[in-house]
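Student: I have a structure open and want to learn how to read it. Can we go through some features together?

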Amino acid sequence: MRLPNLLRRARRTIPTQSSGVKVCVVIAAYNEGPNIGPVVRGVRAVLGPGDEVLVVDDGSVDDTSANAAAAGARVVRQEPNAGKGRAIIRGIQEATGDVVVFIDGDGQDLPEEIPLLLGPIAQGADMVNGSKFIGRLKEGAISRPNYYGNLFMSAFINLLFGVKITDSQSGFRAWRLDKLREMKIDAKEYEIETEMLIKAVKAGFTVVEAPVTRDKRAFGSTSFKRVRNGTRILFTILRLRLGTGTTTIVSTRRRAVTREAHT
Ligand SMILES: Nc1nc2c(ncn2[C@@H]2O[C@H](COP(=O)(O)OP(=O)(O)OP(=O)(O)O)[C@@H](O)[C@H]2O)c(=O)[nH]1
Ligand SMILES: [Mg+2]
């Protein structure tokens, strides 16, 4: 890992190349032509030479794949478009290394904050959730309905599962790859984050949060459909609470989600 100056304080907690930890950053991208190049370059700037950036281009009709490859990412392409969940699942299958970081391809997450997610992994966490609600929301980063929707989903999960998550919908996360692959994930769309989080909690994984910044989308518009995807997220929470569906839990030991202190 090469660290930007502003993150030097976190250096002690960051796995470095010399520690032999290989990081794979997975980016699900759908029609992110103008955004993906800067995101990939930003990610590569904080990674070491042995690390990898993997872009899962999900049937984009623009130059997402070409731009991602030109910026130095390994690109896998799915056809036709099948949803963010399917793309993340493909990313988990294709990833190599010890630690996987997921980051959005639209410029809303800051690649220079990746070390903030890797620090707690080096200290023993299985999953680190980047939270904009204990971090910073920049101007235009989230619409008012999505803001309250996000808070509601997190509160509902906390109530049903007895945890203390602040940002259950965050797509900016780090995982130990071996733990990630212990879970069977079957989400198709934006409910993927909810499913992975709840299954990690139910499996007894050590889940912590780290404060991150959320910016506004650089170019283009979101594919998130409030009613459709909100309903899918809600049903995912209820399905996992009731224990129905194809959920596979490797262990029933539960640990509370704990916040990672600001460094
Ligand atoms: N591969 C793939 N990626 C997707 C798909 N839908 C969304 N994504 C990616 O997932 C990331 C987040 O998608 P957005 O549509 O911006 O959703 P969001 O950031 O959760 O929601 P907003 O806050 O409304 O922007 C971006 O990198 C998208 O390109 C899809 O169908 N396939
Ligand atoms: Mg977005």
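Student: Which strand does Ile-134 lie in?

Tutor: This is a predicted model. In it, Ile-134 belongs to strand E5, residues 127–137.

Student: Is Ile-134 buried, exposed or partly exposed?

Tutor: Count the C-beta neighbours. Buried takes 20 or more within 10 Å, and exposed means 12 or fewer. Ile-134 has 17 inside 10 Å, so it counts as partly exposed.

Student: How far is Ile-134 from Thr-166?

Tutor: Along the chain, they are 32 residues apart.

Student: At what angle do helices H5 and H8 pack?

Tutor: At about 5°, with the axes 11 Å apart. Angles under 35 degrees count as roughly parallel. Therefore H5 is roughly parallel to H8. H5 spans residues 144–161 and H8 spans 226–242. The contact includes Met-153 and Phe-156 of H5, and Ile-233 and Ile-237 of H8. By type, its residues are seven nonpolar, two polar and two charged.

Student: What is the mean pLDDT of the protein?

Tutor: It is 88, and 85% of the residues reach 70 or more. Over residues 1–18, though, the pLDDT is below 50. Residues 258–263 are also below 50.

Conventions:
Residues numbered from 1 in each chain as written. Chains lettered and ligands numbered in written order. Predicted model: local features only at pLDDT ≥ 70, side-chain atom pairs only at ≥ 80, totals over all residues. pLDDT = per-residue confidence, 0-100. Contact = placed C-beta atoms within 7 Å. Helix = DSSP H or I, 4+ residues; strand = E, 2+ residues; numbered from the N terminus. Axes fitted to C-alpha atoms, helices over the stretch in contact; angles between N-to-C directions. Parallel < 35°, antiparallel > 145°, perpendicular 65-115°, else oblique. Nonpolar A, V, L, I, M, F, W, Y, C, P; charged D, E, K, R; others polar.
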